[in-house]
Amino acid sequence: NNIKVINFEDLGTGAPLTNYTINELYDTRLIPGKNILWGHKYFFIRDEFNDAKPRKFNSKVNSILITFGGTDPSNYTQLIFKKILPNCMKYKIYIYIVTGPGYLFKEALQDEIKNCQYKNVEYTFQTGVISSIMEKVDVAISSKGRTVYELAHMNIPSLVIAHHERENNHQFACQENGFIPFNQDQKHHSSIEFKQIFKKFILDTNYRKHMFHRMTKFSFANNLDKIKKMIN
């Protein structure tokens with residue numbers, strides 16, 4: 001019917017049929033199509049980040065963010081909180097936890113926080129607040145979706161864990177860009193090895209500084225205007 005079509009994040013059979021398909025979360029071409037645009041140069045930041053100030057490097061980790069998206073069906077939020085809590089208590093690291101409105105384990109997480117006897121924990125499930133929290137944190141642990149671009153925009157070195165097989169294909173979250181990635185099929189996030197990597201991450205200042213500087217090259221502030229111009 002000659003209706004112009006633009007799709008975002010589409011790997012399906014309709015993707016090659018559009019005027020544009022914008023797959024900003026995939027830096028590697030996964031399906032053929034001359035109309036398909038790939039990679040982080042097409043990612044645009046949400047409005048709440050327009051006035052957010054990217055982090056400057058801090059030699060000591062004073063605060064950390066845990067966030068696994070709006071639903072977190074595997075409840076990585078609570079699992080990771082339990083794993084990192086001893087070191088956060090030992091080194092007096094403030095913990096920010098952000099979940100979404102679709103998170104089904106809210107009461108269990110709140111009980112976990114209440115019973116842990118550590119006062120430096122702040123939990124919120126409100127939307128539109130994560131940018132202001134990222135302005136306060138030195139490192140993060142997150143899922144492997146759009147949040148990694150926001151973390152890169154804010155210069156926050158992070159450990160990232162894929163929720164599912166599709167997120168394994170999100171190649172932006174790599175060491176070259178300041179992230180330590182764990183694929184969904186890896187078990188490191190539930191093992192002693194994860195704790196060891198996390199401890200190195202928060203205590204090895206030179207290592208973290210190296211990761212920080214790999215992020216400073218990224219800014220997604222102007223990409224929205226570029227996409228709107230393409231659409232127009």
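What radius of gyration would a compact globule with 232 residues have, and what does the chain have? A compact globule would have a radius of gyration near 17 Å. The chain has 18 Å, which agrees. This is a predicted model.

**Figure 1. The whole chain and its dimensions.** The chain holds eight helices and nine strands. Its C-alpha trace spans about 65 × 35 × 30 Å along the principal axes.

Figure 2. Buried residues account for 47% of the 232 residues. The accessible surface comes to about 12,000 Å². Carbon and sulfur atoms supply 49% of that surface.

**Figure 3. Contacts across the sequence.** Take the contacts between residues at least 6 apart in sequence. Of these, 64% join residues at least 24 apart.

**Figure 4. Charges in the chain.** The chain carries 31 positive and 22 negative charges.

Figure 5. Asn-35 sits in the loop between strand S2 (20-23) and strand S3 (36-38). Is Asn-35 buried or exposed? Asn-35 has a relative accessible area of 12%. Buried means under 20%, so Asn-35 is buried.

**Figure 6. Close-up of the neighbours of Asn-35.** Leave aside residues up to four places away in sequence. Asn-35 then touches Ala-15, Pro-16, Leu-17, Thr-18, Asn-19, Tyr-20 and Thr-21. Look at Ala-15 in this view. The backbone oxygen of Ala-15 lies 3.0 Å from a polar atom of the Asn-35 side chain.

Definitions and conventions:
Residues are numbered from 1 along each chain as its sequence is written. This is a predicted model: local features need pLDDT of at least 70, side-chain atom pairs count only at pLDDT 80 or more; totals for chains, interfaces and linings use all residues. Side-chain values use heavy atoms; hydrogens and water are left out. Helices (H or I, at least four residues) and strands (E, at least two) are DSSP runs, numbered from the N terminus. The radius of gyration is taken over C-alpha atoms; the globule rule is 2.2 Å times the number of residues to the power 0.38. Buried means under 20% relative accessible area, exposed over 50%, partly exposed in between (1.4 Å probe, protein chains only). Contact means heavy atoms within 4.5 Å. Accessible areas come from the Shrake-Rupley method with a 1.4 Å probe; for residues, only the protein chains shown count as cover. Lys and Arg count as positive and Asp and Glu as negative; His and the chain ends are not counted. The place of a charge is taken as NZ of Lys, CZ of Arg, CG of Asp or CD of Glu. A polar contact is a pair of N or O atoms within 3.5 Å; within protein, one must be able to donate a hydrogen and the other to accept it, and residues adjacent in sequence count only if both atoms are side-chain atoms.
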